[in-house]
Amino acid sequence: MEGQDQNDEAFGDLTGCSVGQAQIGLFARIPIYLAAEGLFDGRDTKPQGCQMPVIVTEQMVEDYQNDGAVLIKGLWSEWVTDLRAGIERNMASPGPYSAENLRPGDAGRFFDDYCNWQRIPEFERVIRRSEVADVAARLMRSSYVQLFHDHVLVKEPGTTKPTPWHQDGPYYFVQGAQTVSFWSPLDPVREASLRCVAGSHLWPREVLPTRWLAETSFYPDAAKYMPVPDPDAEAMRVLEWQMEPGDAVAFNYRTLHGARGNSTPARRRAFSLRLVGADAHYVTRPGPTSPPYPGHQMQSGDALREDWFPVLRR
């Protein structure tokens, strides 16, 4: 077929790969943002040694826009080994923002750290070489995708402390409708999965950001924010999924989310990546943000500086 060599070079050789009973043709090689709804349903397994495209249907994009969260099957299934190695490297040499999120006497260990992609080669490799920027572009409906930061969260076996309900957005100095976080477990999760409140990214007021250990307000003016709700007690629609290593929950920065403790005998390692789209801009908060990025020199309304926050896709 004319042009076949050019397409093979651009998208790789998928000879011998199959989805169910159907042999994959040229469609499987096209970029993620052109995947058409109905051609694949994303439930077929990936043959050993065959890197399949991540499928994002138009219905998934609509769900993301309306609910503020959606499951992306297999986003990093080909990168689990790299991400596990990166987390081990990170935990062996924590960064300046690392934290232990348990009080003395609490069972287990709840470690988190962020902003390490520049010194953890496995993280940078996944960020730059995986399909995540194309998936983000489709979900955000933004051809422009920029890196904000990475985040590692590890709950060791028997860590009963839950991740508190919160929105990420109020902690950050960035605002915009086009935002996405990817939360990906590197171990199978059944009960310790991420939980997201459907539609909370559309609430008119942001939820009060708090310090996880002290349980105090993160900023001095708590009255500016709505109190942290109890989604289970208030019968809110909570989205959560059983997940395999490399699956990812994509959610908006303003989506209220949390997670149960890890009462299983297995680790629950998770890698998160925060990206923004074309409408994202710097905003001034009433105190130091998390991450703080000291010395950034941005002013309210500025786009995030590209030398600090690389553009992954234009």
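This predicted model holds 18 aromatic pairs. One of them is Tyr 97 with Tyr 114: the ring centres are 5.3 Å apart and the planes sit at 25 degrees, so the pair is stacked, as planes under 30 degrees apart count that way. Let's go through the rings, then a histidine and the cysteines.

**Aromatic pairs**
- Tyr 97 sits in the loop between α3 (80-92) and β4 (99-100), while Tyr 114 is in strand β5 (residues 110-114), so this pair links distant parts of the chain, 17 residues apart.
- Tyr 97 is partly exposed at 27% relative accessible area, whereas Tyr 114 is buried at 11%.
- Phe 123 and Phe 271 have ring centres 4.8 Å apart and planes at 40 degrees, so this pair is tilted.
- Phe 123 belongs to helix α4 (residues 121-129) and Phe 271 to strand β14 (residues 268-276), so the pair ties together parts 148 residues apart in sequence.
- Both Phe 123 and Phe 271 are buried.

- One aromatic cluster includes Phe 148, Tyr 172, Tyr 293 and Trp 308.
- Over the face of Phe 110 you'll find Lys 155, at 4.8 Å from the ring centre.

**His 149**
- Look for His 149 in strand β6 (residues 145-155); with a relative accessible area of 1%, His 149 is buried.
- Its side chain makes a polar contact of 3.4 Å with the side chain of Tyr 172.
- Beyond its neighbours within four places in sequence, His 149 touches several residues, among them Tyr 114, Cys 115 and Tyr 293.

**Cysteines**
- Cys 115 is partly exposed at 22%, but Cys 196 is buried at 0%.
- The whole structure has zero disulfides.

Definitions and conventions: Residues are numbered from 1 along each chain as its sequence is written. This is a predicted model: local features need pLDDT of at least 70, side-chain atom pairs count only at pLDDT 80 or more; totals for chains, interfaces and linings use all residues. Side-chain values use heavy atoms; hydrogens and water are left out. A disulfide is a pair of cysteine sulfur atoms within 2.5 Å. Buried means under 20% relative accessible area, exposed over 50%, partly exposed in between (1.4 Å probe, protein chains only). Helices (H or I, at least four residues) and strands (E, at least two) are DSSP runs, numbered from the N terminus. A polar contact is a pair of N or O atoms within 3.5 Å; within protein, one must be able to donate a hydrogen and the other to accept it, and residues adjacent in sequence count only if both atoms are side-chain atoms. Contact means heavy atoms within 4.5 Å. Rings of Phe, Tyr and Trp (its six-membered ring) pair if their centres lie within 6.5 Å; planes under 30 degrees apart count as stacked, over 60 as edge-to-face and the rest as tilted. A charge sits over a ring if NZ of Lys or CZ of Arg is within 6 Å of the ring centre and within 35 degrees of the ring normal.
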